[in-house]
Amino acid sequence: MIKRLLASCAFAALATGVSAEELVIWHDLGDNGIAWFDAVGQEFAKTHPDVTITSVSYPTDQWYGRVISAINTDTAPDLIYNNYERVIRIETQTENLADMAGPLDAVDDTGFLTEADLNVASYGGKMIILPIQRVQMGFGARSSWLEAVGEEFPATWEDAKRVAGKFMTEDPDGNGEDDTFGFALEAANPRDLIHMLDLFIFGAGLRHTLIDPEGNIVIDAPEHAEVLKEFLKTFTEYGYVAPDTINHSFAEMYQVIEGGRAGMFRVGDWNVKKWDSEALEGDFIVGEWPAHFDDKENAVVIGGMRGVAVPENSPHKDLAIEFAQFLLSQPAQQLALENVGAAVRDDLAVDDLSERRQYFAKAQGNLNAYDFPESLHAFYPELEATYHRKLLDAIANPPEDWDAFISQTAEEMREEAAKLSQG
Amino acid sequence: MIHRPLWLRVIAYAIAILVSLFYLYPYWWMLLGAFRPAEAVLTDPLRLWPERLDFSVFRDIATVGGVSIWRYLANSVWITGASTILSVGITALGAYALTRRPDLLAFKALRSGFLLTMMYPYMLLVIPVYIVMFKIGLLGTYAGIILFLALGPIQFFLFEQFFRSIPGEVIEAAIIDGASEWQVLRLVVMPVAMPVVATVTIITFLLNWAQWFPILVISRSPDTYTLPVALLNMTGELGVNFQGIMALAAITTIPATLVFLLAQRRVMQGMADGAVKG
Amino acid sequence: MSSMTPPVSANRVWVFYAFALPFAALTIIFGLWPIVLSFSVSLTKSATALRAEPIYVGLENYLSVLSDPIFRASLISTLIYTLASVVANVLFALGYAMLLHSTLIGPGRTIFKVAMFLPVVTPDLAGYAVWRWLYDQSFGAVNAFLDLVGLPAFGGIASPDTAMIAILIAELWHHTGFFVLIFLANLAICDRSLEEAAEIDGANRWQRKLYVVLPQMRPSLVINTVYAVIQFLKTFTVVVIITKGGPNGATNFVSYYAYRLFDQGRYGEAMAMASILFVIVAAVALVAYRIGDRRPS
């Protein structure tokens, strides 16, 4: 017994230089994420008995500010965890994230990571995250409401519009009140509105929301314009969303979904666990986003990659990298799937999961991945923010002629892009 | 003057009652929201009495962001209590020194500097305070939070005003009798200052109980959050719990409400005095 | 220390410095230093602002802020909001204070005063969290009530046209108790005999209020107006909780916008905005005190 204790102490001392260490990781995954990192920490402790993992969850908007100021003041946590595009913003503001390419090479089996995964993880010639969880977002509809109005899960946009109309007029929840809406969307912040548009665009099988890899603005290309117009009309002319949607961000959108106010909504792979048991109590179907075009396959959207990054000034950088690598191991990935609903490995046990969770875990739908303009065009976030303001303004004060609005906006975006790309 | 027409009095009372309802109704709605399931509120937002008392929410908010609600409560009590005591002590001594000897070197500058600080947009002052806390090694500590909360304008004005009102002859007489400054403070000033100390203590407690932004900024983890900060963090990307927000809002509000109701006369008088001076 | 000064007196001086020391330390460390720091950060390149050797860029951040259309819109909406809030709060509080002070209200006055002052001591974040949901189109009591009494729905925080009014009302709920209190304190020291004399002279009620009472209210009007201007120029918490600057930027006030930039690591611009806002607040306060000090002829 004593011998083993001594041995493990010696091992820990060798591995890390100090005994009893705490690795701190900052994320925005809430209670699910905390449970996940707790569980992974216990697994990790099997080989690193003196290391404890402490995870702290911040609301997303606070997460940025905290990480940036902590890295800039040398008070960084050991690891940070978030969606790739958010980590890119950290890198642009701090230029102080460790290159994970070496650590990734040191991991034995990485065959499950695709070329696209690795592209997303890289920014400015550096691998800034180890990709840990693919983010899949499907389209959901309340099954009891579909039943109540005598409809099937909508396959095309025309179906979806018809269903939305019925959801609003036929009292699908049977409470005798005119208080239900077709869709739950969000629009308040740049990422909110464009994120919703992304889902419509990629879900319809198109490849770019605003700008293509060559830097061309695509919004007035016929198919893009078509989806964009329908998207904007959903907020305005059609009125399929709650009237205060313009001010909704994630929190409010979830309130509308979970409060049973809207019948069709985004379902992220991380939402399903909660909605299976509480809030929606399993009363929903997940599928692909509605099809807009006969000749394009509609899809579940791969909306990016969550991954782990290590600041250069992490207090225990080497150990932090070890833990980051460990997050790609089979046990850690299995825990990621169970606690947060997503992973990247293809050798995980999924049979015990609910049907809806398997839909994501086995990637049963058609998949269409984001084009990740952030990693190609450094000015993209600013361009997107300008685009957001244009669209939001149009939702607040709908123009007479949507086509004219779209072509005019496209021109303005071209000018803006030219301006931004120059400096 | 006393005998005003009845109809006029009825109208006056009607207006006062309506205005009071405007002030009080949100509290009642908050309490109802804490004890009614969210679906029930959706169906009937205006209901004035709960269908049944639903306590399930207290299980939901037993932990917020991975930290126990008791910890937030303990933090609130500790941070508010400690910063209040510190604030009263430090501000009283400072205001006393500045009123007794405004002629001393740098005292005028100190007073102006303090006033300048209080005029700076508070929310924007807090941001560079992050950098200061980092530089002096108090980032993420209770000490950092408590020290920052120990500075406030109304405390200073109330003390300054009070010390100015003490007649100079009383103090001079004590000095002529051979009292040291410390004795003057302890035996002459302190006994008469007790009421104003009590007033400032209660007001500081109420003000610091409500603080959230400095605590959010100086903290490095939820371990040092107080109840209001926990409330802020209840909405995240993973959804929002309406009933939980109402319950936590109620838990945050009730202690302040009780303290105020018990000391309402003193608090209102003190706030008015502090403002009139400032 | 000169030998002319008696030792006793020298001691007394040092005692006062000792008394003032903790207060001075706090003021310097947590007040003046951050202000100096925020000014110096406003002169640096954001990405280097927090590093040991920041790169100074002169007034570049100020130029970039002033040429930013969002900041200009933000500044304008801040000024409009401040003006509207000051007028609404001060008038409402003055009217309500006169009502509570009048002889029409006898028993129950304390209850009315407690009710009006309770929101002032309620943690603002909790109060606004409740208002945020009161305004909600689905949950909220506001529209449910309007619907009940047959009035048209209020856009509340959902519409860019009404969001400012919505947060104005929420802030009015939180702040007016304080303003009423100040007016009441002033009314209590008004000279009733002047009003009675005017009544004997045949002035009607409105004339008495306008020509006899109002001039005596000058001190509290000045205090409340200055307080309100400074208060509403710095509006922040209500925006964080209720609108997050939206919808469509309608409530993106300067404090909040600067904070958002800070959260994105754009420290230089955020602190430049802070300095600009500070200058405005200080100027307004100064002018208001000047006007307040001028006695009516």
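Biologist: How many residues of the side of chain B that touches chain C are nonpolar?

Modeller: In this predicted model, 76 residues of chain B are in contact with 76 residues of chain C. Helix 1 (residues 6-35) of chain B supplies the largest share of the chain B side, 14 residues. By residue class, that side holds five charged, nine polar and, as the number requested, 62 nonpolar residues.

Biologist: How do the residues of the side of chain C that touches chain A divide?

Modeller: Contact here requires C-beta atoms within 7 Å. On that criterion, 17 residues of chain C are in contact with 23 residues of chain A. The chain C side comprises three charged, seven polar and seven nonpolar residues.

Biologist: Which residue of chain C does B:L206 touch?

Modeller: B:L206 is among the residues with the most contacts inside the largest nonpolar core. Leaving aside residues up to four places away in sequence, B:L206 touches B:A256, B:V259, B:F260 and B:V267, and, from chain C, C:V121.

Biologist: What distance separates the centres of domain 1 of chain C and domain 2 of chain C?

Modeller: The domain assignment of chain C places domain 1 at 7-41 and domain 2 at 62-293. Taken over C-alpha atoms, the separation of their centres is 34 Å.

Note on methods. Residues numbered from 1 in each chain as written. Chains lettered and ligands numbered in written order. Predicted model: local features only at pLDDT ≥ 70, side-chain atom pairs only at ≥ 80, totals over all residues. Contact = placed C-beta atoms within 7 Å. Nonpolar A, V, L, I, M, F, W, Y, C, P; charged D, E, K, R; others polar. Core = buried A, V, L, I, M, F, W, Y, C linked by C-beta atoms within 7 Å. Buried ≥ 20, exposed ≤ 12 C-beta atoms within 10 Å, placed from the backbone. Domains from an automatic or database assignment. Helix = DSSP H or I, 4+ residues; strand = E, 2+ residues; numbered from the N terminus.
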